[in-house]
Amino acid sequence: MSQWSQVQQLEIKFLEQVDQFYDDNFPMEIRHLLAQWIESQDWEAASNNEAMATILLQNLLIQVDEQLDRVSQEKNLLLIHNLKRIRKLLQGKYHGNPMHIAVIISNCLREERRILAAASMPVQGPLEKSLQNSVVSERQRNVEHKVSAIKNSAQMTDQDVKYLEDLQEEFDFRYKTIQSLEQSDKNSTLIKQEMLALQAMLNTLDYKRKEVLSKIGRVIHEIDMLMSNMLTEELMDWKRRQQIACIGGPLHGGLDQLQNCFTLLAESLFQVRRQLEKLDELLTRLTYDGDPIPVQRPQLLEKVNFLLYNLFRNSFVVERQPCMPTHPQRPMVLKTLIQFTVKLRLLIKLPELNYQIRVKATIDNNRRFILCGTHMKAMNMDESANGSLSVEFRHLQPKEMKSSAGSKGNEGPHMVTEELHSISFETQVCLYGLTINLETSSLPVVMISNVSQLPNAWASIIWYNLSTNDPQNLSFFNNPPAATLSQLLEVLSWQFSSYVGRGLNSEQLNMLAEKLTGQQVSYNDYQLSWAKFCKEHLPGKSFTFWVWLEAILDLIKKHILPLWIDGYIMGFVSKEKERILLKDKTPGTFLLRFSESNLGGITFTWVDQLENGDVTFHSVEPYNKGRLSALPFADILRDYKVIMADNVPENPLKYLYPDIPKDKAFGKHYSCQPNEVSKPSDGGGKGYVPSVFIPVSKILNDSTDPHSPSDLLPMSPSVYAVLREHLSPTYLFLASSPFSPIAN
């Protein structure tokens, strides 16, 4: 079943989540019509390869054209109209930046997988609950409503200033008319009445000036209160959501909404500033005793400039954190001398700023590292599909400086993966007479000099962003705090859903909890230390918990991904629980689990019944990436044979736990069938019968047969037949893979 088919079967609350991340950037109609084709492409790789992204975009447009031809024959007018619009939209948006649509589609597919994983969980995790708090959503709606109201108030005040200007012009004209009359005319009754009228107009002018200043003051106060409270909280929430998304959590939306709010507030403040300038202009033409403009205007203008400074300062954000294109799911881990990308955005989108803001990137202040490559670029509205004012650095690379002694500092495999650094960005905005210096920084990054350091560096990134909201605590690992077990397990499930397409269920998480703590504990109040997670070896093992888990992720990604996504690998289950699950099942029922003693190993265990009715369990020696590179795991399950007492090889694997016929579960993942014969070559040469590797084991009698530690040796059916005919069963067993009755 395709991923999109699974999505469509979700409950309405999950479908609402899916609906949130499909828009004109990637319309849901295209996702629906091209579901299988979209899922068969490697969008993740294309998001970091412009040539590949260009080809995929062209193929996407071809697929849309084919759908257009189909619906045209069906004369579906509405769908024809929508597809034409979508095709034009896609070509217009991404023709100059094809990697952007690859990023969008990759994120959408990943978010679908996360939601599918969340739907299989009995309860929502504590971190995700906090991110989807209804109070937060209500505040966001309130912010948007208040910003709109402020914009309307500023526009209404514009009309009041215009009325005041017209009134003053009329007063000025009538006053100058009287001033031009002869002295004798000024003493006439008519002129005296006109003077009284002018006094009344002056009183009205004074009232209107005070009224306009009062309205401007209220607008400024409303902006100040909104920025100090709700807007600041909304921005901090977005930054927290970004932190969580970087370690595999839900995609962080809301930046476009924040941009709209920041832009409208900036426009309102500049509008108020122009109103104050107009009042100053009116003041030069007319003033009087008790005039409110010279008293109130300077204070109001100072407040407006202060708010503009703070608004611009907060609007300068890191939209996409530093990330090596080679490891898109491991952001904030940077390898020396390898390029990384990072994207900045100014949330105040004003046409006057396009190409006028130049951003400079630097790293730390301790001079240990420097940034090589293009470290200064101009922000523009062409960098992103939605026209935001942004800049993306694509060719930066960190380089470690040589120490004073002439040798490298910590360069090499011993570079500390808990040492945090920061990429900083600075720029200057000059607009309408204002000059504002802006600074922002990335989340802390970890530097490595060898890819082998990446797993531990990624563990540091996980722990930091899980444990703190502080965006710049570079001394965090001097005394790392403990983490709540329930939140850590949720993040571990995210690692699987984001990296290998399927998260962990409650039973799998229970096993990991016991692995971490050595006991059954309550998730809610248990605190786990950093050392327990990543520094201390597991009991009786030569590796840490995180190294063990990372090796499993790597095994899934490279060798058994389709089986994992289908949900047929139980994976995280202890040997004790395994036997409880299998003991009452039909003989030949088996399950797949990850080795607890071998790094990156997977084994299978099946249940059998002896003649006396006793139940017995058999586990094979774990398969690692070396052996799975030679033989696909699905084929191993299909062809696996055991030499029984009568020397007849049999496949003992019948049903995948709980009761799924083996071929039904894994059939679609089998490669060519063992009995398939190749055709003669085109050159007329003699055809060959293909050899097929068959994994063979022999069940040992513990009382008589010795155990052997040798690795599995797959062999073709023809070789196996020859060996069986000419060699004794004992020698045959030694030539094939031994069966390990107790596998971990």
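Modeller: Let us start with Asp166 and Lys162, which both belong to helix H10 (residues 134-179) and stand four residues apart, about one turn of the helix. Helices here are DSSP runs of H or I with at least four residues, strands are runs of E with at least two, and both are numbered from the N terminus. The model is a predicted one, in which local features need pLDDT of at least 70 and side-chain atom pairs count only at pLDDT 80 or more, while totals for chains, interfaces and linings use all residues. Residues are numbered from 1 along each chain as its sequence is written, and side-chain values use heavy atoms, with hydrogens and water left out.

The side chains of Asp166 and Lys162 form a salt bridge, at 3.1 Å from N to O. The term denotes a side-chain nitrogen of Lys or Arg within 4 Å of a carboxyl oxygen of Asp or Glu. Asp166 has a relative accessible area of 35% and is therefore partly exposed; Lys162, at 44%, also counts as partly exposed.

The structure holds 34 salt bridges. Another of them joins the side chains of Asp65 and Arg87, at 2.6 Å from N to O. Asp65 lies in helix H6 (residues 50-74) and Arg87 in helix H7 (residues 77-94), so this pair ties together parts that are 22 residues apart in sequence. Asp65 is partly exposed, with a relative accessible area of 27%. A further salt bridge links Asp584 to Lys583, their closest N and O atoms being 3.2 Å apart. Asp584 counts as exposed at 64% relative accessibility, whereas Lys583 counts as partly exposed at 40%. Salt bridges that share partners also join Glu165, Lys278, Glu281 and Arg285 into one network.

Asp224, in helix H12 (residues 189-246), is buried, because its relative accessible area is 18%. Leaving aside residues up to four places away in sequence, Asp224 touches Lys303 and Leu307, where a contact means heavy atoms within 4.5 Å.

Finally, the chain as a whole. Its secondary structure comes to 25 helices and 21 strands, and buried residues make up 48% of its 744 residues. Of the contacts between residues at least 6 apart in sequence, 70% join residues at least 24 apart.

Methods
Buried means under 20% relative accessible area, exposed over 50%, partly exposed in between (1.4 Å probe, protein chains only).
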